[in-house]
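Here is a short briefing to read alongside the structure. Have the model open as you go through the points.

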Amino acid sequence: MIPSAAILLALLVTGALLLRPGLREWRYWRAMVTPLASIIGSGFLVLGPILMHAYGAWAPAVMLGLCAGAYLFGAAIRFNIAEREDGQMRGVLLTGLEEISSWALAFAYFVSVAYYLNLFGAFGLDLLPFEGDLWPRVLTTVVLLIIIVVGSTFGFRSLEHLEYGSVTVKLAIIAGLLVGLAGFAAGKALGGGLILDPPTEAGWAALTLAFGLLITVQGFETSRYLGSEYDAGLRIRSMRGAQLLSTAIYLVYIVLIAYVFPAADLSLSETAIIDLMRRVSPILPVMLVAAALAAQFSAAIADTGGSGGLIMEASGGRLSERMAYFVLGAVALTLTWTADVFQIITYASRAFAAYYLLQSAIAMVLAARRGRPALALGFAVLTVLAGAVVIFGQSVAA
């Protein structure tokens with residue numbers, strides 16, 4: 001087992017590296033921060049226990065599948081960014097699909113912010129003597145109102161500054177978490193204590209559950225709507241970099257937990273990971289709560305900021321970013337007080353899949369126009385896959 005001092009050292013070293021002025025001022029890294037904030041908004045908190053419970057020893061393979069699917073949807077969006085920069089978004093069909101997809105993503109953002117902040121509320125009170133759903137929802141409401149007020153008063157730039165600090169804290173804590181898990185897993189392996197749990201879901205049920213988890217590796221599309229901040233080439237490269245970095249983090253994380261904790265011991269809830277980490281180190285639960293708060297806060301900021309620019313663009317400037325923030329707040333508050341976290345995960349996954357369906361369809365049309373039939377066929381397959389997620393995605397509680 002790795003001592004607590006080593007975990008803290010990993011946290012401090014990573015935090016110091018991320019706060020170096022050279023990195024903070026590097027435009028490529030700054031362009032990565034927004035999609036990275038959303039992609040690693042909740043996956044390492046919620047997804048691990050869910051995959052362990054449902055897929056057992058196959059959890060890393062399912063994680064790889066989720067990340068690979070997300071990367072392919074990202075490829076469609078990156079293709080569209082480049083084509084838009086080249087002035088190829090012409091014609092009634094493409095402009096209509098693009099407008100519909102923008103509004104679809106706006107709605108998806110509204111749902112995802114509710115998802116992130118409801119997790120914030122659950123983790124924020126997990127170590128305190130509060131029981132029931134009331135107080136987490138109250139905390140969620142307070143934080144949501146703070147974000148809306150800050151965004152509507154100071155705009156996206158102020159949100160980006162808050163976001164960078166949150167991402168730094170989150171990545172530093174993740175580094176400490178992975179170091180602790182690596183030591184724990186190494187001890188289990190050397191002692192012959194590795195576990196190969198059988199899956200509890202199979203066939204169609206396993207597939208539809210995976211569809212319902214798309215939201216947990218989503219967030220890369222925020223790069224599409226940062227055109228006022230960064231050029232197309234930088235957005236494409238930084239989105240790809242954010243997806244590759246997050247995939248590496250997810251895969252290392254799931255491999256380190258999938259074979260050392262018995263799935264039967266899991267009490268499946270949004271904060272199940274905290275119970276597991278108590279077995280690794282006494283400092284990890286506190287660190288993990290801090291990571292959860294930073295993760296959900298930064299992800300909510302990223303999607304709130306993205307929704308403002310998106311709605312202003314989609315409405316042709318008729319709706320301001322401030323108005324978008326208020327509408328988002330109303331939708332998020334409604335979901336907070338009428339649905340649980342696992343239901344919101346499924347709603348968000350379906351909403352984002354609808355956006356990916358439209359973006360894949362746009363990429364298909366553009367590739368066909370470019371005389372690239374193989375690429376057009378690939379984007380057609382992605383369109384069908386996104387449609388399957390919209391129709392068949394199931395929640396964990398289903």
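**Helix packing and the nonpolar core**

H5 passes H15 in a left-handed crossing. Please keep in mind that this is a predicted model.

**H5 and H15**

- Helix H5 covers residues 59–85 and helix H15 covers residues 373–392; they pack at an angle of about 125 degrees, with their axes 10 Å apart.
- That angle makes H5 oblique to H15, since angles over 145 would be needed for roughly antiparallel and 65 to 115 for roughly perpendicular.
- On the H5 side, the contact is made by Leu-72, Phe-73, Ala-75, Ala-76 and Phe-79.
- H15 contributes Leu-375, Phe-379, Leu-382, Leu-385 and Ala-386 to the contact.
- Sorted by class, this contact of H5 with H15 holds 10 nonpolar residues, no polar ones and no charged ones.

**H6 and H13**

- The axes of H6 (residues 92–124) and helix H13 (residues 321–338) come within 8 Å and cross at roughly 55 degrees.
- With that angle, H6 is oblique to H13.
- The crossing of H6 and H13 is right-handed.
- From H6, the residues in contact are Tyr-109, Phe-110, Val-111, Val-113, Ala-114 and Asn-118.
- H13 meets them with Ala-324, Val-327, Leu-328, Val-331, Ala-332, Leu-335 and Thr-336.
- The contact of H6 with H13 has 11 nonpolar residues, two polar and no charged.

**H3 and H12**

- Helix H3 (residues 27–39) and helix H12 (residues 284–314) have axes that come within 7 Å and cross at roughly 120 degrees.
- H3 is therefore oblique to H12.
- Seen by its handedness, the crossing of H3 and H12 is left-handed.
- Thr-34, Ala-37 and Ser-38 of H3 make the contact with Ala-295, Ser-298, Ala-299, Ala-302 and Asp-303 of H12.
- The residues of this contact of H3 with H12 divide into four nonpolar, three polar and one charged.

**The largest nonpolar core**

- The largest nonpolar core has 133 residues.
- Those with the most contacts inside this core are Phe-44, Leu-51, Leu-171, Leu-181, Phe-261, Met-277 and Tyr-356.
- Helix H6 gives the most to this core, with 17 residues.
- Beyond residues up to four places away in sequence, Leu-51 touches Gly-56, Ala-59, Val-62, Met-63, Leu-213 and Ile-254.

**Leu-288, a buried residue of H12**

- Leu-288 is found in helix H12.
- Leu-288 counts as buried because its relative accessibility is 1%, and buried means under 20%.
- Not counting residues up to four places away in sequence, Leu-288 touches Phe-44, Leu-45, Leu-177, Ile-273, Ile-274 and Met-277.
- Phe-44 and Met-277, both touched by Leu-288, are among the residues with the most contacts inside the largest nonpolar core.
- From C-alpha to C-alpha, Leu-288 and Ile-173 are 7.3 Å apart in space, while in sequence they are 115 residues apart.

**Thr-208, a buried residue of H9**

- Thr-208 is found in helix H9, which covers residues 203–211.
- Is Thr-208 buried or exposed? Thr-208 is buried, as its relative accessible area is 5%.
- Leaving aside its neighbours within four places in sequence, Thr-208 is in contact with Phe-392, Gly-393 and Gln-394.

Conventions. Residues are numbered from 1 along each chain as its sequence is written. This is a predicted model: local features need pLDDT of at least 70, side-chain atom pairs count only at pLDDT 80 or more; totals for chains, interfaces and linings use all residues. Side-chain values use heavy atoms; hydrogens and water are left out. Axes are lines fitted to C-alpha atoms, for helices over the stretch in contact, and angles run from 0 to 180 degrees between N-to-C directions. Helices (H or I, at least four residues) and strands (E, at least two) are DSSP runs, numbered from the N terminus. Angles under 35 degrees count as roughly parallel, over 145 as roughly antiparallel, 65 to 115 as roughly perpendicular and the rest as oblique. A crossing is left-handed if the near helix is turned anticlockwise from the far one by less than a right angle, and right-handed if clockwise. Contact means heavy atoms within 4.5 Å. Ala, Val, Leu, Ile, Met, Phe, Trp, Tyr, Cys and Pro count as nonpolar, Asp, Glu, Lys and Arg as charged, and the others, Gly among them, as polar. Buried means under 20% relative accessible area, exposed over 50%, partly exposed in between (1.4 Å probe, protein chains only). A nonpolar core is a set of buried Ala, Val, Leu, Ile, Met, Phe, Trp, Tyr and Cys residues joined through side-chain atoms within 4.5 Å.
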